[in-house]
Amino acid sequence: MMNSTNTDEKRLQEALHALSNQYRFRILIWLTDPKANFPPQRDGDLVDDGVCVGFITKKIGLSQPTVTFHMQTLAKAGLVVPKRIKNWVYYKLDTPSIDRCLNELGDVLRPQY
C-alpha cells in the first residue's frame, strides 16, 4: 500500500477507530469463535448466519440500543456483516475484509527503507 489512496486510508482509519473501543474489540474476539462464546440459537446458525444481537447484548451487559450502535459501527468499518432473520439482526465476521485491513495495516506501517 505504498501508493495508498485516500479511500484506502479512510477505510483503514474507520476499521482502527472501530477497534479502538473495548466493547467492540471484545465482541469481535467473541465472534471469532461463536460456538464457544454463545449458546445455540433458535433461528440462524451461529457460524453461517452470525450471532443475534440479543445474545451479544446479554453477554456484553450493555443496553440493546448501545450494542446495536456498536455493531453498526463495526459493520460500517467492514469488520462484520449483518443479516436480518425475522425480527432480529445477526452479525458475523467479514473475514475477507478483516484480512484486507490487516494486510493494509502491515503495508502502511512497514518501514520503507
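These are my notebook entries on one predicted model.

**Entry 1: overall layout**

I began with the whole chain. The model is predicted, so I read every value here as computed. I counted six helices and three strands in the protein. Reading along the sequence, I wrote down the pattern α-α-α-β-α-α-β-β-α. I then took the extent of the C-alpha trace, which spans about 55 × 25 × 25 Å along its principal axes. Of the 113 residues, 34% are buried. Residues 24 or more positions apart account for 51% of them.

**Entry 2: the sheet**

Next I turned to the strands. What is the order of the three strands in the open sheet? I read it as β1-β3-β2, with antiparallel pairing. β1 (51–52) and β2 are the edge strands, each pairing on one side only.

I went through the pairs in turn. β1 and β3 are joined in the antiparallel sense over two bridges. Here I found Val 51 opposite Tyr 91 of β3. β2 and β3 also pair in the antiparallel sense, over six bridges. In that pair, Ile 85 has Trp 88 of β3 as its bridge partner.

I then checked what covers the sheet. α2 lies across β1, β2 and β3. The helix runs at about 80 degrees to β3.

**Entry 3: the hairpin at Lys 86**

I stopped at the turn of the hairpin. There are two residues between β2 and β3. Lys 86 sits in this loop. Is Lys 86 buried or exposed? Its relative accessibility is 62%, so I logged Lys 86 as exposed. I then looked up the backbone. The phi of Lys 86 is near 55 degrees, a positive value in a residue other than glycine. For context, most residues other than glycine have a negative phi.

**Entry 4: helix α5**

I took α5 (residues 64–76) next. The helix has 13 residues. From first C-alpha to last it reaches 18 Å, close to the 18 Å expected at 1.5 Å a residue. Which residues of α5 are buried? I listed Val 67, Thr 68, His 70, Met 71, Thr 73 and Leu 74. After the helix comes Gly 78, with a positive phi near 80 degrees.

**Entry 5: Thr 57**

I moved to α4, where Thr 57 lies. The relative accessible area of Thr 57 is 14%, which is under the 20% limit, so this residue is buried. I listed what Thr 57 touches, leaving out residues up to four places away in sequence. The partners are Leu 62, Ser 63, Gln 64 and Val 67. Val 67 is also one of the buried residues of α5.

**Entry 6: α1 against α6**

I then examined how α1 meets α6. Their axes are 10 Å apart, and the packing angle is about 110 degrees. An angle from 65 to 115 degrees counts as roughly perpendicular, and therefore so does this pair. On the α1 side, I found Asp 8, Arg 11, Leu 12, Ala 15 and Leu 16 in the contact. On the α6 side, I found Arg 100, Cys 101, Glu 104, Leu 105 and Val 108. By class, I recorded six nonpolar, no polar and four charged residues in this contact.

**Entry 7: after α6**

Last, I looked past α6 (95–109). Pro 111 lies in the segment that follows that helix. With 48% relative accessibility, Pro 111 counts as partly exposed. How far is Pro 111 from Gln 64 in space, C-alpha to C-alpha? I read 42 Å, for two residues that are 47 apart in sequence. I noted that Gln 64 had already come up among the residues touched by Thr 57.

Definitions and conventions: Residues numbered from 1 in each chain as written. Predicted model: local features only at pLDDT ≥ 70, side-chain atom pairs only at ≥ 80, totals over all residues. Heavy atoms only, no water. Helix = DSSP H or I, 4+ residues; strand = E, 2+ residues; numbered from the N terminus. Expected span 1.5 Å × (residues − 1). Buried < 20%, exposed > 50% of the residue type's maximum accessible area, 1.4 Å probe, protein only. Pairing = 2+ DSSP bridges. Contact = heavy atoms within 4.5 Å. Axes fitted to C-alpha atoms, helices over the stretch in contact; angles between N-to-C directions. Parallel < 35°, antiparallel > 145°, perpendicular 65-115°, else oblique. Nonpolar A, V, L, I, M, F, W, Y, C, P; charged D, E, K, R; others polar.
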